[in-house]
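Q: I have a model on screen and want to learn how to read its features. Where do we begin?

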Amino acid sequence: MSPPASTKVDLLIVGAGPAGLALANWFRGTNIKVLIVDKKPGPTPRGQAEGLKSTTNEIFDSYGIGPQVTAESWRLEEIACWGTRKDGGEGIVREQVIPDRVAELGKPRETMLQQSRVEHHMLHNILSHDNIEIRYSTTPISVDVDTSCVHEADTFPVSVSLEKVTTNTNTTNGDTTNGTNCHATNGHHINGQNGHQPNEHDAPSDMISAKYIVGCDGARSWLRKQLDVSLEGDLTDSVFGVVDMVPKSNFPDIRRVCYLRAASGTILLVPRSNKEVRMYIPVESGTALPDPKDLTFDRVMDAARKIIAPYTMEVGSVSWWSAYRVRQRVGNHFSRLNERAFLVGDAVHTHSPKAGQGMNTSIQDAYNLGWKLRLTLKGKVRSSGARQDLLRTYESERRPVALDLIAFDKGFLKLFAAPSSQFDTEILQALKFTTGLSIRYPPSCAVQLPKGIEQLGPSLLKADLVPGKRLPDFRVVYQADGVPTWMHKRLSATGQFRVMIFAGDISDSTASKRLHDVGKYLGEGKSLKHVVMPQSEQEPLVEVLVVHCAERDLVDLLALPEVYRPWSDESGYDFWRVFGDVESVHDGHGKAYERLEIDRQVGCTVVVRPDGYIGAVLEVDDVEGVERYFEGMNVS
């Protein structure tokens, strides 16, 4: 056998599912070399996760694949709640129909598209970029991290041995049990095979040297075991079947989202495209829970028919089905080895699929980590300490989200195990929680509270401008041509920060002068000019955007300071940085200032991180506060 080949990459991603592909999309078109490996023979063919929450769809917009995903997705508009008859009769009856809507979002809360198609769009978005390589039928068998050089930016401390898999490594759908644990042989050198036994047909191994490694390899994560990260939590006493099928049924709400509550449990029914529905079905077996591997399709459908009676439910066709037992667990670490190794998605947290958070949370984990790795690998963070501080925020921000999700999931899962008098109230609360409105990242180098304030009050389930929360999406029009846009569609995943100036009514002389003074400082001042208007690169690290609420015909775009409409010898003026919160010709008024509760006379400045979360909220002319933010990040 020939000696292993040696390859250097900046980033090695283990797993080409939703998390791994979402992470890789941060690096398309850069000079950062990325290798993705997956033991599967190819992309996911069918089934798996399904629901896409609004935040995830905003991520797809930022990657430039939003229209493609939306075109294939099925929008969810209404939720029907069914329960047992109050008169003591048999069967279920409709109790109410509620809109599947969270008013604070101002847009659809959820759409449906199966994981295989989501992966398809993310995969094809990176295939045309030669800095990203994907190897299927490839598995890591050992990893070694040289801890003596992890603080040096240009070193490759991670060494991984890869082997081509020619044996059958497929696992049973729905089986979420963990494989044999492997353990560290010392503080930093780890070996293990996670069930894969190389044989004479396996290709010679490759040796990969990487700056960083990220495990996106699912609930049986190989890398998690190598890093000696343990999952903490419970194996629940709930066994479910999940079925994607074309139903033949006289159930009247078959094309609505439905919660069907009976004495034996609660079915979640969700409409899909192509006449299909997805059903999550609790399966009971007297006092003993069945092993998911022993469940048959007929057994699952019998449980469904028992709950949906007196209505009938026959099967037209089935595209995919599975059975599973829920594990609600979170890793005790999300990063290891001086932030050279990370775990993302199911590799570090597992929960029930009933709330539709698995694929969403995995993609959002990757989105959080991706911009931080991109900034670090492009050399934009000036010191080793600052790089580590930034990368540490992945765990400090995302682990609490996973813990909150498990706490929510435990309560939500009980709704499916037994009827609840508070079912309707809890469902409405769940709709808000699953949008991510409650997520607020803690103070850090990337989330800075106003000067003199050590902590904010408790986070509310609403869309508001608070450091650490996601920038609420809002609709405005471009000053140059009146074309309306949602702001998150404008915030492409380029790794840029945005300084977003809500300047108020700039037809007023006071507001106009204030905006000009801020623009002059940002564009000409010594401390920020190099990141706002660099001379040597196409994309500045910081993009300055203006959202005013004046009448558009009273604003002369080209009279504004250059930082708001910079000139390029290649493409002329950039007309896409100034917006008006005004009436559009066809889509009405977005009322952004009202929606965000910004005083039209006072305004504010918001520093928006590359992932769309708020880094700082400042007074509109607090340029020193903007400086403090980027000095705290130590970026250049």
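Q: How many disulfides does the count come to?
A: A disulfide needs two cysteine sulfur atoms within 2.5 Å. In this predicted model, the count comes to zero. Take Cys81: the closest cysteine sulfur, in Cys258, is 8.5 Å away, too far for a bond.

Q: Is Cys81 buried or exposed?
A: Buried means under 20% relative accessible area. Cys81 has 1% relative accessibility, so Cys81 counts as buried. Cys149, at 14%, counts as buried too.

Q: What describes a pair of aromatic rings?
A: The distance of the centres and the angle of the planes. Here the count comes to 22 aromatic pairs. One of them joins Phe251 and Tyr311: 5.5 Å centre to centre, with 75° between the planes, hence edge-to-face. Both residues lie in loops, Phe251 between strands S13 and S14, Tyr311 between helix H6 and strand S17, so the pair ties together parts 60 residues apart in sequence. Phe251 is buried at 2% relative accessibility; Tyr311 is partly exposed at 24%.

Q: Which pair is tilted?
A: Tyr478 and Phe579, because their planes meet at 35°, with centres 5.0 Å apart. Tyr478 is in strand S21 and Phe579 in strand S27, so this pair ties together parts 101 residues apart in sequence. Tyr478 is buried at 11%, and Phe579 is buried at 0%.

Q: Which charged residue lies over the face of Trp486?
A: Lys107, at 5.1 Å from the ring centre. Likewise, the charged end of Arg340 sits over the ring of Tyr212, 4.6 Å from its centre.

Key. Residues are numbered from 1 along each chain as its sequence is written. This is a predicted model: local features need pLDDT of at least 70, side-chain atom pairs count only at pLDDT 80 or more; totals for chains, interfaces and linings use all residues. Side-chain values use heavy atoms; hydrogens and water are left out. Buried means under 20% relative accessible area, exposed over 50%, partly exposed in between (1.4 Å probe, protein chains only). Rings of Phe, Tyr and Trp (its six-membered ring) pair if their centres lie within 6.5 Å; planes under 30 degrees apart count as stacked, over 60 as edge-to-face and the rest as tilted. Helices (H or I, at least four residues) and strands (E, at least two) are DSSP runs, numbered from the N terminus. A charge sits over a ring if NZ of Lys or CZ of Arg is within 6 Å of the ring centre and within 35 degrees of the ring normal.
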